[in-house]
Amino acid sequence: MSRSFRDRFFTPKVAEAMMSPLGIVLAGAGMAAGVVAGAPIALAAGIGALAWGGRVAAAIPRDSTERVQPERLSEPWRGYAQGAQNAKQRFDQVVADVSPGPLRDRLLRLSARLDDGIGESWRIARRGHDIVAAIGKIDTQSAAAELHELRRSGAVDTPAGAQTAKALEAQLASAERLVALADRSRDRLRLLDARFDELIARTVEVSVGTGDSAGLGEDVDELVNELESLRVAMEETAQAGGESTPAAGV
């Protein structure tokens, strides 16, 4: 996912680093070290600022070469990827309105965890798009018609006919496995996408002090873990079936 430096800087993770006790301690330690070394106050303050700045710089997310482009996916995968991204943006907007303090710090950590979920949701949607594209390259109609004709004519009783029938059956079986995988993945991702929206409502409750922040954290972890499990299952199922889906080109 490619983002500008500005987008990567103005993130909850960086804000947390700027206000974190560790960052403040590093700034104080750097300034103290400068004073002990006999540096002027201004220079010592500069050393402290550099120490604090190093902490903040380390928190800036690295830019990734992977570009998230939901518009290049087919539906419904495009909608799922966009829905997850929109939900994350609403989550961050809620967090931004929370006053500085322990609650905001906890929500900032959950925001960083949700970034992992957005990445998994994107990979799942892209994989689903790839699978559907692969299905479209299998001419099941012609294969089924040819297999029917072989059986009707009795050609399957010959060695050549039997081998042809076996190849056609394998082709149809591959298509069936891919269709089943796409259907299961679509249904599961639709449910997990809805849970993104559910988390936003829960976060609003927590932000005004009427919700359980600990329970929200557990639900965020569970959602991200399920997304990861779904993505792994999609990959392993296709590989177990000997399928090779083309890249989405995104």
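**Note on an all-helix predicted model**

1. R190 and D187 form a salt bridge, with 2.9 Å between their closest N and O atoms. The model is predicted. Both residues sit in helix α8, and because they are three residues apart, about one helical turn separates them. R190 is partly exposed, at 43% relative accessibility. D187 is also partly exposed, with a relative accessible area of 36%.

2. A second salt bridge involves R195 and E222, whose closest N and O atoms are 4.0 Å apart. R195 belongs to helix α8 and E222 to helix α9 (residues 213–240), so this pair ties together parts 27 residues apart in sequence. R195 is buried, its relative accessible area being 18%; the cut-off for buried is under 20%. E222 is partly exposed at 37%.

3. Helix α6 has its own pair. R123 and E120 meet through their side chains in a salt bridge of 3.6 Å, N to O. They are three residues apart in α6, about one turn of the helix. E120 is buried, with 7% relative accessible area. R123 counts as partly exposed, at 29% relative accessibility. The pair is part of a network of salt bridges that links E120, R123, R231 and E235. Over the whole structure, the search finds 18 salt bridges.

4. S121 is another residue of helix α6, which runs over residues 102–136. Is S121 buried or exposed? S121 counts as buried, because its relative accessibility is 1%. Leaving aside residues up to four places away in sequence, S121 touches Y80, A81, A84, L189 and L227.

5. Helix α7 passes a simple geometry check. Its 14 residues, 140–153, should span 20 Å at 1.5 Å a residue, and the end C-alpha atoms are 20 Å apart, which agrees. The buried residues of α7 are A143, L147 and L150. They cover an arc of only 60 degrees around the axis, so they lie on the same side of α7. These buried residues pack against α8 (159–207). On the other side of α7, the exposed residues are Q141, H148 and R152. After α7 comes G154, with a positive phi near 85 degrees.

6. What does the secondary structure of the chain come to? There are nine helices and zero strands. Along the sequence the pattern reads α-α-α-α-α-α-α-α-α. Of the 250 residues in the chain, 36% count as buried. Take the contacts between residues at least 6 apart in sequence: 76% of them join residues at least 24 apart. The accessible surface of the chain is about 13700 Å². Carbon and sulfur atoms account for 56% of that surface.

7. Confidence is the last point. The chain averages a pLDDT of 78, and 68% of the residues score at least 70. Over residues 1–10 pLDDT stays under 50, and the model gives this stretch 24 contacts beyond four places in sequence. Residues 244–250 also have pLDDT below 50, with 17 contacts in the model beyond near neighbours in sequence.

How values were computed. Residues are numbered from 1 along each chain as its sequence is written. This is a predicted model: local features need pLDDT of at least 70, side-chain atom pairs count only at pLDDT 80 or more; totals for chains, interfaces and linings use all residues. Side-chain values use heavy atoms; hydrogens and water are left out. Helices (H or I, at least four residues) and strands (E, at least two) are DSSP runs, numbered from the N terminus. The expected span of a helix is 1.5 Å times one less than its number of residues. Buried means under 20% relative accessible area, exposed over 50%, partly exposed in between (1.4 Å probe, protein chains only). The arc is that of the directions from the helix axis to the C-beta atoms. Contact means heavy atoms within 4.5 Å. Accessible areas come from the Shrake-Rupley method with a 1.4 Å probe; for residues, only the protein chains shown count as cover. pLDDT is the predictor's confidence in each residue, from 0 to 100.
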